[in-house]
Each structure stands twice: as structure tokens, then as C-alpha cells.
Amino acid sequence: QVQLMESGGGLVQAGGSLRLFCASSGSTASITERGWYRQAPGKQRELVAVIRSGGFTNYADSVKGRFTISRDNAKNTVYLQMNSLKPEDTAVYYCNAVTRLTRTQFWGQGTQVTVSS
């Protein structure tokens, strides 16, 4: 089992920045992929960014050039640096982890990000 805990959300004005944190515990050695997803009211959950073994990253087109995903393996923590935030970035952001062999997914409880215009 893997436990994930997000933090760092909040209220920010458009153009501002926030940094999200996702701390993991449990069977962290089994994780091969870490990601951030978000879900706005009335919309489906969508991928924001993912970082895979070897450090390969992928981003949603809507956040490319503004968001950066990174990780600190020693701290079992993944970060999402969000710059130039827009009101349409308002959502609950969820941390995700995928295990290597079974591709089992684990989710955090989510953290609210609200961007005011």
C-alpha cells in the first residue's frame, strides 16, 4: 500500500504562483510513476503532469510552460510548481502514484487551488 498526502493549495490571484507538495509513505519502492491530476466542478478529472522513472515528464497542453513537476526521491515527495496561474486552473488537485508491476493506482485526498481574477 502507498499513502499520499497533498499540501500547498490555497487562494491566489491570477498571475500568481503556488507550489503543491505530495508526500508518500508505505511501499514507495514499488512506485514507478507519479502524477498530478485536477478536477474542476462539473468536469472530469484530468491529467496535469506526470513524472516517470528516469525523470521523463509529460504535461497537459493547458499547463505547458507554466507548471513544472519534480521529485525528491530521498524525501519521497513530488512537487508541482504552478506559475502564471489562471482562473481556469481552479480545481481540486490530486496526487497520484502508479506501481511498477501491477499498475495499481493510489490517490491522495486532494488539495483545493482557487485562482481569482
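**Labels and the values behind them**

Author: Strand β4 gives the lining of the largest pocket its largest share, 4 residues. One caution before you ask: the model is predicted.

Reader: Which other strands supply at least two residues of that lining?

Author: β7 and β8 do, along with β4. The lining has 15 residues in total. Thr28, Ile31, Arg34, Arg71 and Asn73 lie nearest the centre of the pocket. The space inside is about 200 Å³.

Reader: Take serine 24 in strand β3. Why is serine 24 called buried?

Author: Its relative accessibility is 10%. Buried means under 20%, so serine 24 counts as buried.

Reader: What makes the pairing of serine 24 and arginine 34 a polar contact?

Author: The two side chains are 3.5 Å apart. The cut-off is within 3.5 Å, for a pair of N or O atoms. The pair therefore qualifies, at 3.5 Å against a limit of 3.5 Å.

Reader: Which backbone atom does the side chain of serine 24 reach?

Author: The backbone oxygen of asparagine 76, at 2.9 Å. Leaving aside neighbours within four places in sequence, serine 24 is in contact with Gln3, Leu4, Arg34 and Asn76.

Reader: Where is asparagine 76, and what is its phi?

Author: Asparagine 76 is in the loop between β7 and β8. Its phi is positive, about 50°, although the residue is not a glycine.

Reader: Why is asparagine 76 called partly exposed?

Author: Its relative accessible area is 30%. Under 20% would be buried and over 50% exposed. The 30% of asparagine 76 falls in between, so partly exposed is the label.

Reader: What is the phi of arginine 103, and where does arginine 103 lie?

Author: Phi is near 60°, again a positive value in a residue other than glycine. Arginine 103 lies in the loop between β9 and β10. At 47% relative accessibility, arginine 103 counts as partly exposed, because exposed needs over 50%.

Reader: Threonine 104 lies in that loop between β9 and β10 too. Why is threonine 104 partly exposed?

Author: Its relative accessibility is 31%. Buried would require under 20% and exposed over 50%, so threonine 104 counts as partly exposed. Its side chain makes a polar contact with the side chain of threonine 102, at 2.7 Å. Not counting residues up to four places away in sequence, threonine 104 touches Ala97, Val98 and Thr99.

Reader: How do you know that cysteine 22 and cysteine 95 form a disulfide?

Author: Their sulfur atoms are 1.9 Å apart. The cut-off is within 2.5 Å, so the pair is a disulfide. The link is left-handed, with -85° about the S-S bond. It joins distant parts of the chain: cysteine 22 in β3 and cysteine 95 in β9, 73 residues apart. Both cysteines are buried. The structure holds 1 disulfide.

Reader: What is the place of arginine 38, and why does arginine 38 count as buried?

Author: Arginine 38 is in strand β4. Its relative accessibility is 6%. That is under the 20% limit, so arginine 38 counts as buried.

Reader: Which side chains make polar contacts with that of arginine 38?

Author: Serine 62, at 3.4 Å, and tyrosine 93, at 2.9 Å. Both values are within 3.5 Å, so both pairs count. Arginine 38 is also in contact with other residues outside its four-place neighbourhood, including Gln44, Glu46, Phe67, Glu88 and Asp89. Its C-alpha is 8.7 Å from that of threonine 90, at 52 residues' separation in sequence.

Reader: Which residues have the most contacts inside the largest nonpolar core?

Author: Trp36, Val48, Phe67, Ile69, Leu80, Met82 and Tyr93, in a core of 28 residues. Several strands each supply at least two core residues, among them β1, β3, β4 and β11. The largest share, 4 residues, comes from β9.

Reader: What does isoleucine 69 touch?

Author: Among others, Arg34, Trp36, Val50, Tyr59 and Leu80, not counting residues up to four places away in sequence.

Conventions. Residues numbered from 1 in each chain as written. Predicted model: local features only at pLDDT ≥ 70, side-chain atom pairs only at ≥ 80, totals over all residues. Heavy atoms only, no water. Buried < 20%, exposed > 50% of the residue type's maximum accessible area, 1.4 Å probe, protein only. Polar contact = N/O pair within 3.5 Å; in protein donor to acceptor, adjacent residues only side chain to side chain. Contact = heavy atoms within 4.5 Å. Core = buried A, V, L, I, M, F, W, Y, C linked by side-chain atoms within 4.5 Å. 1 Å grid on protein atoms, 1.4 Å probe; cavity = no way out; pocket = protein on both sides within 12 Å on 5 of 7 lines; lining within 4 Å. Points joined across faces, edges and corners; volume = space filled by probe spheres on them.
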